[in-house]
Amino acid sequence: MKPLISIIIPAYNIAGLLQGMVSDLLAQPFRFFEILIVLREDDPDTARAAEEMSHTDDRIRVIYRNSPGVSAGRNAGIEAARGELLVFPDGDDRVTRGYLGTLLGTIADSKKQLMSKGFPRIQAQLGIVGYDVVEDDKVIDETEESGIRVMDQEDFLCRLFFQENYQGYVWNKIFRKSIIDKFGLRFDEDVYYREDQLFICEYALHCDAIRYNPARMYHYVQRPDSATAQLDPEDGVLKLDVLEREMTQCLAFSKMRKLLKKHEDPQWYLEQEYVFYALETFYRMRLVEDRAYFKNSWFKKIAKEVLSIEYYPLDDWEKEQLESLKKYAKTGMTEENRD
C-alpha cells in the first residue's frame, strides 16, 4: 500500500541515537507511513545501524546520497518519497506517541464541509505542532500557546520571524508534496544555518492557510556537541569552518528578504532579525585567529545590505557593532585587525 506520509531523516554520525527516533516513529498509532533514512557512504556505523533497522520493518527504506549536508539529505529524501505528505524529523531527537496523528490532523482533508459548530472547514497546506527543548533529560524551554490557530499567509510569515512558536524548524511541521513538486522546491545546499527557515518561507508563499496545534509532540534534544554549541568554544577561539557555516544564515536572510519583497510586514520583521543576527555573526569573526581571512569575504556584501536596512539599535553593544560594521564594509577589516 502506498504510504500517506514519508518521513525523511538525514542521518550522519548518530549510530547510537537513531534507534530512539525510529522506535518512537514505529510506535505511532498512525501506521500508513514510510521512513526514509538518508545516509552518507563515509559513515559506516550509522549505515550499519540503519540497515539493521530496515530489516525489522518493511516501512523503513535506506537510501544513500553523494553530497554532504543535511539539505542534500533532505533533498534526496524528497526525490525518493512516495507519500503525499512529508515530515522531516532529526534523527537524534525524540517524538511523542501521537506525533504523526496530530500533524496529520493539522493538514488532512476532511469529507465534512462544516465542522461540528457549523463553521466551514479550512483546508491547510502547512501543519505545525508544538515542541519542547530537552537538555540532560529536563525540559528547558517549550512552546507556550494554548489553542489551535489557523493563519493566513501574511500572518504566518510575520510570526515566522518574531514569535518563537513558529520558528523556522521543519521537524515540527508537515508539508504537501504536491506543492513541493509543483514549484520545484528544495533545500538550499549552500546554506547550513536557517536552511530550514528559508525552505519554509518559500513554501509558505504557496499556502493560503496554515494550522497550528500547540500540543508538544516533538522533543528537540540539545547536546553539548551540537553545531550551536561549537559557536561558543570554551577556549574562546572559534574555528574558521564553524563560523563560515554560521555565516550562511545571513545568506539565508538575504534570500528570504528577496522572496518577501512584495510582503511589506513580513519583510520588516525579517529585516529586524536579519540585522540582529548579522551583528552577532560579525562579532564572532573576532573569535577567529586569522581575521584577515574576512577582508575579501562575501560577508562584505552582506554587511552593505544590512547597513541599508532601517534599524534602531536596542543597546550600546548594537550601536558599537553597527559602527564597526560600517568600517568593515569599507575596508574589509574588523577593529582588531586594523593595525
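This is a predicted model: local features need pLDDT of at least 70, side-chain atom pairs count only at pLDDT 80 or more; totals for chains, interfaces and linings use all residues.
Figure 1. By the ring-pairing rule, the count for the structure comes to 25 aromatic pairs. In the pair formed by Phe199 and Tyr203, the ring centres are 6.4 Å apart and the planes meet at 25°, so this pair is classed as stacked. Phe199 is buried, and Tyr203 is buried as well. The helix around them is largely enclosed by the rest of the structure, because 9 of the 10 residues of α7 are buried. Among these buried residues of α7 are Glu195, Asp196, Gln197, Leu198 and Ile200.

Figure 2. A pair of aromatic rings is described by the distance of the centres and the angle of the planes. Phe199 and Tyr203, the pair of the previous view, are both buried. For Tyr283 and Trp317, the ring centres lie 5.7 Å apart and the planes are at 65°, so the pair is edge-to-face. Tyr283 is part of helix α9 (residues 264–284) while Trp317 is part of helix α11 (residues 316–331), so this contact ties together parts that are 34 residues apart in sequence. Tyr283 has a relative accessibility of 38% and therefore counts as partly exposed, and Trp317, with 29% relative accessibility, also counts as partly exposed. Elsewhere, one aromatic cluster is formed by Tyr99, Tyr131, Tyr169, Trp171, Tyr218 and Tyr220.

Figure 3. Side chains of opposite charge can pair when their charged atoms come close. The structure holds 21 salt bridges, and one of them joins Arg59 to Asp57, with the closest N and O atoms 3.0 Å apart. Arg59 counts as buried because its relative accessibility is 13%, and Asp57, with a relative accessible area of 15%, is buried too. In another salt bridge, Arg216 meets Glu142, and here the closest N and O atoms are 3.5 Å apart. This pair links distant parts of the chain, since Arg216 lies in strand β10 (residues 210–221) and Glu142 in strand β7 (residues 138–142), 74 residues apart. Arg216 is partly exposed, with a relative accessible area of 36%, and Glu142 is likewise partly exposed, with a relative accessible area of 32%.

Figure 4. The side chains of Glu273 and Arg194 form a salt bridge with an N to O distance of 3.7 Å. Because Glu273 sits in helix α9 and Arg194 in the loop between α6 (177–182) and α7, the pair ties together parts that are 79 residues apart in sequence. Glu273 counts as buried at 15% relative accessibility, and Arg194 counts as buried at 18% relative accessibility.

**Figure 5. Two loop residues with positive phi.** Most residues other than glycine have a negative phi, and most peptide bonds are trans. Arg194, although it is not a glycine, has a positive phi of about 70°, and this residue is found in the loop between α6 and α7. Asp137 also has a positive value, with phi near 65°, in a residue other than glycine. The place of Asp137 is the loop between β6 (126–135) and β7.

Figure 6. Asp152, Glu154, Glu264 and Asp265 form a negative surface patch. Val95, by contrast, lies in strand β5 (residues 94–95) and counts as buried, with a relative accessibility of 5%. The C-alpha atoms of Val95 and His219 are separated by 5.7 Å, while the two residues are 124 residues apart along the chain.

Key:
Residues are numbered from 1 along each chain as its sequence is written. Side-chain values use heavy atoms; hydrogens and water are left out. Patches are made of residues with over 30% relative accessible area and no salt bridge: like charges are joined within 9 Å, nonpolar side chains (Val, Leu, Ile, Met, Phe, Trp, Tyr) within 5 Å. Accessible areas come from the Shrake-Rupley method with a 1.4 Å probe; for residues, only the protein chains shown count as cover. A salt bridge is a side-chain nitrogen of Lys or Arg within 4 Å of a carboxyl oxygen of Asp or Glu. Lys and Arg count as positive and Asp and Glu as negative; His and the chain ends are not counted. The place of a charge is taken as NZ of Lys, CZ of Arg, CG of Asp or CD of Glu. Rings of Phe, Tyr and Trp (its six-membered ring) pair if their centres lie within 6.5 Å; planes under 30 degrees apart count as stacked, over 60 as edge-to-face and the rest as tilted. Buried means under 20% relative accessible area, exposed over 50%, partly exposed in between (1.4 Å probe, protein chains only). Helices (H or I, at least four residues) and strands (E, at least two) are DSSP runs, numbered from the N terminus.
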